[in-house]
Amino acid sequence: MVAASVIAMSTTRDNPLHIDRTGKSAEEIERAYRDFGVVALRDFFSPSRVAILSEQCDLLLAKLKAGEIDSARIAYRPTTAGVKIFERFDPVCDIAPAFEELTRDPALLALVRDLIGGEPFLFMDKVIYKFEDDRGYGLHQDYPYYKLTDEQKDSVVTIAIAIDSVSSEAGGIRFYLKCHDRVQPAPENDPKDVDPEAVASAEVWDAELTPGSLVAFHTLTPHGSGPNKAGRPRRMLYFTYMPGNARDLRHAYYQARIQDQRLKS
Ligand SMILES: O=C(O)CCC(=O)C(=O)O
């Protein structure tokens, strides 16, 4: 049974996309993920766990302000006025014990195992703070950014965990449903992104999440986000998993990111 408040947020009433984990079988969750390319599970983590994650965010921010964090893991984005603003730590788990512990949470790993069909390896981990006026992300699929092989594309999942509540006003994420069967055409000047025209007829889902809820989305699911107009940060964790040992791939991904950071600074 889908909760009434959730139905109101969904694009269609029969859409099992945004579901309450209680009473849902692993098969139902996996089917929703396979069909739509995204599935949201409400209140996956308890309020006390969320409080620990929130404290971890505050601690990291205090370290950032004290100049104690290596610049290679700090990323900025533009505000709506085009000013550079701090956005995320990427990677983060090696400097954040509460996040690292969460990546090994048994319920989370069981979910990921079901979705990727193998033993999860943490390929990418980051925390996005999305402060007020952060402009958000253009429409994209993660796949071209991760430099994966064609065989890997169906077995990579990102788990986005809400630490604060997420809504369109707070720079929430829009997911384009049932578009994860291919690499979508890119616009002329952004070869890694998705041309909005290519998915214009797709049904969309604007994520509305309570703290502790999560969204699992396929590496080919087009998504983007708007500016944060909520007058508060909108903090989310992103863990990307793939099966097997992807240590070299993870290393190559982060080496390339560090190189990019150096070129930008
Ligand atoms: O957190 C957001 O607003 C979007 C993040 C996103 O799209 C990404 O990291 O791929």
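In the predicted model, helix 3 comprises 19 residues (residues 47-65), which at 1.5 Å a residue should span 27 Å, and this expectation agrees with the end C-alpha atoms of helix 3, which lie 27 Å apart. The buried residues of helix 3 are L53, Q56, C57 and L60. Because these residues cover an arc of only 100 degrees around the axis, they are placed on the same side of helix 3. The other side of helix 3 carries P47, S48, E55, D58, A62 and K65, which are exposed.

The partners of the buried residues can also be identified: they pack against strand 4 (84-89), helix 4 (97-103) and strand 5 (120-128). Just after helix 3, the backbone at G67 adopts a positive phi of about 70 degrees.

Elsewhere in the predicted model, three strands form an open sheet in the order 8-7-10, and their pairing is antiparallel. The edges of this sheet are formed by strand 8 (204-206) and strand 10 (223-225), each of which pairs on one side only, and from one strand to the next the twist averages 20 degrees. The pairing of strand 7 (residues 173-176) with strand 8 is antiparallel and extends over three bridges; within this pairing, R174 has D206 of strand 8 as its bridge partner.

Notes. Residues are numbered from 1 along each chain as its sequence is written. This is a predicted model: local features need pLDDT of at least 70, side-chain atom pairs count only at pLDDT 80 or more; totals for chains, interfaces and linings use all residues. Two strands pair if DSSP finds at least two bridges between them. Helices (H or I, at least four residues) and strands (E, at least two) are DSSP runs, numbered from the N terminus. Axes are lines fitted to C-alpha atoms, for helices over the stretch in contact, and angles run from 0 to 180 degrees between N-to-C directions. The expected span of a helix is 1.5 Å times one less than its number of residues. A residue is buried if 20 or more other C-beta atoms lie within 10 Å of its own, exposed if 12 or fewer, and partly exposed in between; C-beta atoms are placed from the backbone. The arc is that of the directions from the helix axis to the C-beta atoms. Two residues are in contact if their C-beta atoms, placed from the backbone, lie within 7 Å.
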